[in-house]
Amino acid sequence: MHDDRMLVEKRIERELWQRVLPHLYSQSQPLTAEAWEVPGEPVSFDEAKRQDYTPFSLGGAWGRPWGTTWFRLRGDVPPEWAGRRIEAVIDLGTGMKAAGFQAEGLVWTDDGPLQGIHPRRTAVMLPAQRPGPFTLVVEAAANPMLPIRFQPTPLGSLRTAGDHPLYRLTRAEVAVRDDEVFALLVDIEVLFELMKALPLTDPRRARLLRTLEDAFDSIDVRHVSATASSARAVLRPALDVPARASSMHVIAVGHAHIDSAWLWPIRETVRKCARTFASAVRAMDEYPDYRFVCSQAAQYDWIERQYPALFQRIRDKVANGQFVPVGGMWVEADMNLPSGESLIRQMVHGQRYFETRFGIRCNEVWIPDVFGYPASLPQIFAAGGCRRFITQKLSWNKQNRFPHNTFWWEGLDGTRVLTHFPPVDTYNAEVVSGEMVFSEHNFREHGWSDWALMPYGYGNGGGGPTIEMIERGRRMRNLDGVPRLQLGTTDEFFDHLEHEVVQGAPVPVWRGELYFEMHRGTLTSQIETKVGNRRCERLLREVELWWAAGGVLPAEVVDELVELWNEVLLQQFHDIIPGSSIAWVHADAEAAHARVAARLEELIDAAVERLPVHGWVVANAASHRRRELVASAHTPSGDGPTQLLSTGKTLAYVEVPGSALAALAARPIDDRVVTTEHTITNGHICVRWDLEGTITSIIDVVRGRELLPAGRPITLEIAPDHPVEYDAWDLESWTPGLGAPVGGVSSVTFVERGPLMAQVRVERTFGSSMSTTTYTVRAGSARLDIGFDIDWHEDEQLLSLMVPLDVRSETAACDIQFGHVMRPTHGSSPWDAAKFEVCAHRYVDLSEPGFGVAVLNDGRFGHRLFDGGVRVSLLRAAKFPDPDADIGRHQVTIAILPHGAGLHEVLHEAESLNLPLRVIETTSVGTASIPAPVVTIDHAGVQLSAVKRADDGSGDLIVRLHEACGDRSSLTIAASSRLVAALRCNALEEPGDALDVADGIVALVLRPFELVTLRLRTA
C-alpha cells in the first residue's frame, strides 16, 4: 500500500475545521444589539440596567483598554425550533488567538450571572429552551492582550494605556446546535489526536488513520447533518476498543488557574472569577459527573461579597460534591518571599473560610504555579491540616529534571507530605489524547504506582473547562491507546494513592527544598512590593503582641485585624510579591501596603495606650532581651552616656526584655567608638575605607581576624541585565560577570563621630542614578551597617553588593521561614550550579567551625553564594511587564556581622535589624511600674513568630515559636501572669496534647527546626 499517511492527515485536518465544523449550527438568526460604554470603572448589573443604551451594529468597534461595555442583545426563537438545543453565539472579537488573556464577557439575566464568554467559549445555551422573545445582557471587559515576554507595553497602566477601541463585535446570533454534528466533532477530535500521539510503529495508529479516512468518505460535506450519524457509526468501533490492561489511571479534575493579579489588576480578577465560576456551575447542571476544583479562599470571598446569587449556587454545588474547594490557603501565595508566619496565616485564613462557608477543610495544598518551595513547607502544610501537596512548576526546570512525580517530601524538621507532580506537566490541560499519551510516557512512578492527576481547563480568563473537554474525557474513560480517564477530585486521587502506600508501595523520598531552576529574578524585581510586605508583616506581629499584653481584644479590633491580614495575604499572591505583574498591580500593592502599615501604626499606639504605663517607653517585640542603642526625640533618664545626633535626636544604650516594654533610660556601657580619617573602631570591629569611600578592611577585634580577602574590597556593582526569556522573572547566571564597580564618588564625609555611634556617608552619581551609602558602627556591637539610599533610574540593569569574605565554607546557611537551609557555595554538580541565585530572608552566613561572618539585610532576598563571599542583589529594572519597574527611590540596610561558633548571635542581630526597638510616648494614666514580658523564652536558638490572643475569644495566649538552628533544644516558657495550663495545638489553634506546668512555667523540648504553636492559660 502506498504511504499516503501525511496526505490523509492533512485532508482530515482541513475537512474537520473547514467543512464539518461550520455545520455545528443548522439554523441561526441575528440578534439585535444595543450598547452602553461605562465611562469609568466597572459598575454593577443593577446600575447598568438603568442606563440608556444605543443601537450597536455587528462589526462595530468597542472597548478602550480596560474599559467595560454593556451589550443588550435581543432575539426571538422561532416556533419550529422547539425541542432542539438553542444557543446564543457571541464573539466579542477575540477570535481564536488564545484561550484567555483578552476580552471576556459575563452574560446576565434578571436572575443573576448566567455564564462567562471567553475566546474558546462563545456559545450560551438559552436559559429557557422554548420559542419566543428573550434578552441577554453581556458585561464585556476590554482587557488588552499583552505580549507575554519581550516587548515593553504601555497597556499595563490606565495612565498610559490610551483610549483606542481594541475589539469589534464579530458575532451575535441565536442558533440551533446540531447535537449529532457536535458529537461527531468530538469523536473525530479524540481519535485524530490519539492517532497523532501514537508512535508511527504502533498498529493502532495505522488502523485509526484508515478508520478516520473511512468516516470522512461517508460524510457528504454538502449535507453534513444528514450524514453525521453514519460517520459516527464508522468511528464507533474505534472508540469501543478498551484500554490496555497495563494502562495507568488518570483522574481529571476540572480547574481554572486564575492568577489573583498578573497581566490585569485585582479588580479585573474579581470579574474573571465571576465569569469562570458561573460557567462552572452551569456546566454542572448539564454534566452531573463533572467536578471543578478551585483554590484561593480570597476569590470565593470576592464572589460572596459582590455576586451573592452566584455564591449561593456555588454553595449548593459544594454541598453536592461538584464544586470542590482545594488548597486550604487564602491565595496561591509565593512560597519564597512571605514570612513563615504569613504562610501559616495563609492556611489559617483559607481553612477557616472554607470551614465557615462550606463546612469543609482542605486536605491538600494546591499551588501549581509558584516559583520554588522552601524546605520548611511540609511542616507548615501539616500545621494547617494538609498532608497532601500538588504542584507541577518544577517541570519547567532549565538545568535538571526532577526525578519524581509522586513522592514523600520531607521538610527541615522531618515532617513529610505526600506530594504529586501531575505528569501532564501543566495545570491547563485540554483533555486531548496527546496529553494523555504524554502523561503516561512522562510518568516516572510506573514501577510502583498506577495513578496520576490531570488538572484541566483554560485559566486566566479562559473560563475553565469547556463542555468539549468534558465530552472528550467521557470518551477516554476506557479507550485503547490512552490511560483510563476518570472525571474526579483531588481527594479521590489521593485516596487511591494512599491505598497504594498502605499496601507497601516503595514511595521515594525527597528531602529539603524544591528549588525552581527559573524565575530567580523574582527575588528582586519590584522590590518596593517586597519591602512593603516585610514591613506589614513586622507591624502585624507588633500589633498582635501589644494588644495581647492588654488582655482580651475588643471584637472590633479582632475583626479589623482579620481584614488587615487578608489584605497583606492577598498581596503575597505569586505574581504580585514576586514582581511579575503589570504596573497597575504593583501600584495597587504598594498603596495597599502603605494603607495597612499606617493603620497598624495607629493600632500599635492604641494598644500601648491601654497598658498601665505612662511616659516614654521602649518596646521590644523581638524574641529575646536586647541591649542596644536607640535614638529618641526625648532625653532619656538613667546614668548611662548619651550622644546628641545631627538629626536632633539623642542616642542612648538601653536594655529591654523580649516581648516587653521598658522605661526609656540610658544604661552604662563600657565600649566607645573611636574614629580617624579613614577608620571607625569600637571594642568589636575596626572598619577602614579608601579615598573613594570603598571599604577595604573589616577586622574582628575580639578574634583578631580580617574579614575581607587581601585586595578585595566590598563593592557596589552594576551589570547589564538581559534575561533570555522572561524579563521580570528571570536572572541569568552570567549577568553579574558582565558588571563593573559603581564609581562616580562625589563626597566621603563623617555624619556622626561618636562616642556611641559613628557614621560615614559616601555619595555617588552613576548613569542616571544617585546613591548615598552610609556606614554605621555602634558602641557595643560587632555589626557594620551599610545603608543605601538610591534614586534609581536605569533600564535593564542589575545593581548588587559584592561582599568578599575570607571564610572557607562549602555551604552557607540561608535564612528561610522557620529555620535555615545549607546551600552550596560552589557549582560542582549540575544541581549545585543551578542554584546560582537563591532566596534568603534576613541573613546568609558563611562559617568555619569556630568563626563565621553573616551578611544581614532588612529588605532583600536574592543572593549569590561563593566559597569566599556573598553577592546581594539590590535592584533590577526589567521592562516587561512593567516598563517602569523599580524606577524611583529605594532604601535598604545590608549588615556585616563577624561571630563565633553557631548561629545564636546571627539570629539575634537579624531579628534586631528587622524588628527595631520602638520608642513611644504614652499619655495614658498608669503607674511607673512596667508590666512583665508578655512571654519569656530562655533559649537563644528559639525564636517567636507570633504572640497573640486566641481567635476564639477565650483570652488564652497563643505563642508560636520554632527552633531556628537545627539543634535539639530544651527551654522554658513563662508569661506575664502565672501559667495554669499549656497545650500544644495546630495552626488553627485547636487544642492538642497537654504539657506539664510547674511553678507557673512550662518546659518544652524542640526537635531541630520544630515549629510549635502553644495555647497558654494564665491565672
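Proline 755 sits in the loop between strand 37 (745–753) and strand 38 (757–766). The model is predicted. The peptide bond that leads from glycine 754 into proline 755 is cis, with omega near 20°. A cis bond also joins phenylalanine 880 and proline 881, where omega is about 10°. Proline 881 belongs to the loop between strand 48 (869–875) and strand 49.

Stay in that loop for a moment. Aspartate 886 also lies between strand 48 and strand 49. Its phi is near 70°, a positive value in a residue other than glycine. Is aspartate 886 buried or exposed? The relative accessible area of aspartate 886 is 5%. The cut-off for buried is under 20%, so aspartate 886 is buried.

Phenylalanine 101 has 23% relative accessibility, so it counts as partly exposed.

Now follow the chain into the strands. Strand 39 (residues 769–778) pairs with strand 40 in the antiparallel sense, over 8 bridges. Within this pair, serine 771 stands opposite isoleucine 790 of strand 40. The two strands form a hairpin, with 5 residues between them. Glycine 780 is in the turn and has a positive phi of about 80°.

Strand 40 has another partner. Strand 49 (residues 888–899) pairs with strand 40 over 9 bridges, again in the antiparallel sense. Here phenylalanine 788 stands opposite valine 892 in strand 49. How many residues of strand 40 (residues 784–792) are buried? The count is 7 of the 9, so strand 40 is largely enclosed by the rest of the structure.

Strand 57 meets strand 58 (residues 1001–1006) over 2 bridges, in the antiparallel sense. Alanine 998 has isoleucine 1001 of strand 58 as its bridge partner. Strands of a sheet pair through backbone hydrogen bonds, either parallel or antiparallel.

Turn next to the surface. Val724, Trp734 and Leu738 make a nonpolar patch of about 310 Å². Tryptophan 734 is in the loop between strand 35 (715–720) and strand 36 (740–741). Its relative accessibility is 44%, so tryptophan 734 counts as partly exposed.

Step back to the whole protein. It holds 18 helices and 59 strands. Along the principal axes, the C-alpha trace spans about 100 × 65 × 60 Å. How does the radius of gyration compare with that of a compact globule, and what are the two values? For 1019 residues, a compact globule would have a radius near 31 Å; the protein has 32 Å, so the two agree.

Of the 1019 residues, 63% count as buried. The protein exposes about 36,200 Å², and carbon and sulfur atoms supply 50% of that area. Take the contacts between residues at least 6 apart in sequence: 75% of them join residues at least 24 apart.

Definitions and conventions. Residues numbered from 1 in each chain as written. Predicted model: local features only at pLDDT ≥ 70, side-chain atom pairs only at ≥ 80, totals over all residues. Heavy atoms only, no water. Buried < 20%, exposed > 50% of the residue type's maximum accessible area, 1.4 Å probe, protein only. Helix = DSSP H or I, 4+ residues; strand = E, 2+ residues; numbered from the N terminus. Pairing = 2+ DSSP bridges. Patch = residues over 30% accessible without salt bridge, like charges linked within 9 Å, V, L, I, M, F, W, Y side chains within 5 Å. Areas by Shrake-Rupley, 256 points an atom, 1.4 Å probe, with all protein chains shown as cover. Salt bridge = Lys/Arg side-chain N within 4 Å of Asp/Glu carboxyl O. Rg over C-alpha atoms; globule rule 2.2 N^0.38 Å. Contact = heavy atoms within 4.5 Å.
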